[in-house]
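Dear colleague,

I am handing over the structure below, and after it I set out what was found in it. Please read the notes with the model open beside you.

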Amino acid sequence: MEDIKAQLLDLSTNAEVALGEWLISLAVLLILVTAIKWVYVKRSNTVSNRVLFANTFYAFALAIFLIITSIKVSLALSLGLIGALSIVRFRTAIKEPEQLVYLLMIIGVSISLAAQQIIPSIIITLLFLVWQFTSKQSNSYINKDLMNISLDFNTNTDLEFVFSELKKIKHVNGFEKIVTDSNSANLTLSVSSMLDTDFLNIKTKLEQNESLKNVNISFISSLTF
């Protein structure tokens, strides 16, 4: 009985964390999260704003790192954390599986580094980044459902030029809605797996036409609703 009490007392008391190892782990964490963020922004095909979502990676990783650092030195803190987190509810929905994969990767790296497992963290992160980097073309497709184009024109000839250029894009399935008046037009097109190069080309051609003004192109996806 006395041995059990002694073990519990030993587990519940704070153990010292080597400051040097902790700082090294923290530095490695920030470097790995930066690499993960860069690959996510460059290679992700998610519909939501990639930069905005990726900016949360640092805070998320640091929070996990701090939690694991705290609870690993104290049994009492770990039990208290379970009770605290049991009343926390996160209402922000993660709609895309790819986002979950990146968040899970950051959780794993943060926990591993908080436990001073630096080499395994680096190796697994590098394998993950290489896989992400080689398995996808750099955001080569815009996976949207609808493309909306609004512009001002002078004559019907200018509008015919717009239609002819849009019909050249093989990823355009057709026109969903066409609204025009005397000198402006609002066009909605159905697109699928549109190449970035096609988007940039059509945007450049329309903007270079001096007869067309206020050219604006936006995308709408049913995945966002």
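Helices (H or I, at least four residues) and strands (E, at least two) are DSSP runs, numbered from the N terminus. In these terms, helix 6 is followed by Gln116, whose phi is positive, near 60°, and the chain as a whole has nine helices and six strands.

Residues are numbered from 1 along each chain as its sequence is written, and side-chain values use heavy atoms, with hydrogens and water left out.

The confidence of the prediction, given by pLDDT (the predictor's confidence in each residue, from 0 to 100), has a mean of 75 over the chain, and 70% of the residues reach 70 or more. Over residues 7–15 the pLDDT stays under 50, and the model has nine contacts for them beyond four places in sequence, where contact means heavy atoms within 4.5 Å. The pLDDT is also below 50 over residues 138–143, a stretch with 27 contacts in the model beyond near neighbours in sequence. Among contacts in the chain between residues at least 6 apart in sequence, 75% join residues at least 24 apart.

Of the 225 residues of the chain, 34% count as buried; buried means under 20% relative accessible area, exposed over 50%, and partly exposed in between (1.4 Å probe, protein chains only).

Helix 2 covers residues 19–43, and its end C-alpha atoms are 36 Å apart, which agrees with the 36 Å that its 25 residues should span at 1.5 Å a residue (the expected span is 1.5 Å times one less than the number of residues). Its buried residues include Leu29, Leu32, Ile36 and Tyr40, and what covers the buried residues of helix 2 includes helix 3 (50–54), helix 4 (57–71), helix 6 (97–114) and helix 7 (118–135). Ala27, which also lies in helix 2, is partly exposed, with a relative accessible area of 39%. The C-alpha atoms of Ala27 and Leu113 are separated by 9.8 Å, although the two residues are 86 apart along the chain.

Helix 6 gives a similar check, as its 18 residues should span 26 Å at 1.5 Å a residue, and its end C-alpha atoms are 26 Å apart, which agrees. Among its buried residues are Tyr102, Met105, Ile106, Val109 and Leu113, and helix 2, helix 3, helix 4 and helix 7 are included in what covers the buried residues of helix 6.

A nonpolar core is a set of buried Ala, Val, Leu, Ile, Met, Phe, Trp, Tyr and Cys residues joined through side-chain atoms within 4.5 Å. The largest such core has 24 residues, and those with the most contacts inside it are Leu29, Ile36, Phe57, Tyr102 and Leu113. Helix 2, helix 3, helix 4, helix 6 and helix 7 each supply at least two residues of this core, and helix 2 gives the most, with eight residues. A second, separate core of 20 residues includes Met147, Val162, Leu212 and Val215.

Leaving aside residues up to four places away in sequence, Ile36 touches Phe57, Tyr102, Met105, Ile106, Thr125 and Leu129.

Rings of Phe, Tyr and Trp (its six-membered ring) pair if their centres lie within 6.5 Å, with planes under 30 degrees apart counted as stacked, over 60 as edge-to-face and the rest as tilted. By this rule the count comes to eight aromatic pairs. The rings of Tyr102 and Phe128 have their centres 5.3 Å apart and their planes at 80°, so the pair is edge-to-face. Tyr102 in helix 6 and Phe128 in helix 7 are 26 residues apart, and the pair links distant parts of the chain. Tyr40, Phe53, Phe57, Tyr102, Phe128 and Trp131 form one aromatic cluster.

Lastly, Thr188 has its place in strand 4 (residues 184–191) and is buried, with a relative accessible area of 11%.

With best wishes
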